[in-house]
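Reader: Could you walk me through this model, with the cut-offs spelled out as we go?

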Amino acid sequence: MIHHLAQLNIAKFLQPIDHPDVADFVEMLEPINAMADDTPGFIWRLVGETDNATDIQFYDDPKKLVNMSVWTDIDSLRKFVYRSNHVEAFKRRAEWADAPVEAHQVLWWIPAWHQPSLDEADERLNQLRAKGPTASAFTFAKSFPSPNEPATEES
């Protein structure tokens with residue numbers, strides 16, 4: 001069976017998404033999402049009614065935003081996050097969101113073409129918080145190979 005990589009990250013914003021202090025972030029969303037959509041290895045991303053996920057309220061706090069996507073492999077996601085124009089938004093996150101006090105991003109392998117739910121993603125994030133990185137919920141810093149790949153020294 002072929003597997004893809006799912007990722008969830010959450011951020012607790014300092015202001016509501018329609019606040020002027022968040023305007024730069026909102027302006028970056030469309031071009032960054034378009035870039036993700038065109039990135040080799042990208043498969044799917046969570047969207048609401050606005051072609052991004054900012055209008056999806058999964059948690060009780062309306063300032064807690066979610067981002068979820070699926071990629072063919074960890075290297076494709078890593079290149080997008082850290083080696084593309086996305087990194088500019090990443091560097092500015094402190095302007096818009098609180099510094100995380102616990103794990104805020106989780107990666108996990110899914111069967112190819114499975115579309116993960118936010119409930120599934122939240123369960124993986126809670127696993128990561130409770131147990132640290134494991135084969136079922138991990139991070140960029142401590143990743144695990146796809147179930148159909150042999151383990152490597154980096155794993």
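This is a predicted model: local features need pLDDT of at least 70, side-chain atom pairs count only at pLDDT 80 or more; totals for chains, interfaces and linings use all residues.

Reader: Is Asn-33 buried or exposed?

Author: Asn-33 counts as buried, at 12% relative accessibility, where buried means under 20% relative accessible area, exposed over 50%, and partly exposed in between, with a 1.4 Å probe and protein chains only.

Reader: And which residues does Asn-33 touch?

Author: Leaving out residues up to four places away in sequence, Asn-33 touches Arg-45, Asp-51 and Asn-52, contact being heavy atoms within 4.5 Å.

Reader: Asn-52 makes me curious about side-chain polar contacts; what joins Asn-52 and Thr-54?

Author: The side chains of Thr-54 and Asn-52 are joined by a polar contact of 2.5 Å. By polar contact I mean a pair of N or O atoms within 3.5 Å, where within protein one must be able to donate a hydrogen and the other to accept it, and residues adjacent in sequence count only if both atoms are side-chain atoms. Thr-54 lies in the loop between β2 and β3 and is buried, with a relative accessible area of 19%. Setting aside neighbours within four places in sequence, Thr-54 is in contact with Ile-17, Phe-25, Leu-29 and Leu-65.

Reader: Switching to rings, how many aromatic pairs turn up in the whole structure?

Author: A search of the whole structure finds nine aromatic pairs. One of them is Phe-42 with Trp-71, an edge-to-face pair at 5.3 Å centre to centre with 80° between the planes. The rule is that rings of Phe, Tyr and Trp (its six-membered ring) pair if their centres lie within 6.5 Å, and planes under 30 degrees apart count as stacked, over 60 as edge-to-face and the rest as tilted.

Reader: Where do Phe-42 and Trp-71 sit in the chain?

Author: Phe-42 is in strand β2 (residues 42-45) and Trp-71 in strand β3 (residues 64-71), so that the pair links distant parts of the chain, 29 residues apart. Phe-42 is buried, with a relative accessible area of 17%, and Trp-71 is buried as well, at 1%.

Reader: What is the geometry of Trp-109 and Phe-138?

Author: Trp-109 and Phe-138 form a tilted pair, 6.3 Å centre to centre with 35° between the planes. Because Trp-109 lies in strand β4 (residues 105-111) and Phe-138 in the segment after α5 (118-131), the pair ties together parts that are 29 residues apart in sequence. Both Trp-109 and Phe-138 are buried.

Reader: Let's move to helix α2; which of its residues are buried?

Author: In helix α2 (residues 74-82) the buried residues are Ile-74, Ser-76, Leu-77, Phe-80 and Val-81. They cover an arc of only 160° around the axis, which puts them on the same side of α2, the arc being that of the directions from the helix axis to the C-beta atoms. These buried residues pack against β1 (3-12), α1 (23-37), β3, α3 (86-91) and β4.

Reader: What about the start of α2?

Author: There, a side-chain oxygen of Asp-73 reaches to within 3.1 Å of the backbone nitrogen of Asp-75.

Reader: And how many residues are in the largest nonpolar core?

Author: The largest nonpolar core has 22 residues, and those with the most contacts inside it are Leu-5, Phe-13, Leu-77 and Leu-107; such a core is a set of buried Ala, Val, Leu, Ile, Met, Phe, Trp, Tyr and Cys residues joined through side-chain atoms within 4.5 Å. At least two residues of this core come from each of α1, β3, α2 and β4, and the largest share, five residues, comes from α1. Apart from it lies another core, of 19 residues, among them Ile-10, Leu-46, Tyr-59 and Val-70.

Methods
Residues are numbered from 1 along each chain as its sequence is written. Side-chain values use heavy atoms; hydrogens and water are left out. Helices (H or I, at least four residues) and strands (E, at least two) are DSSP runs, numbered from the N terminus.
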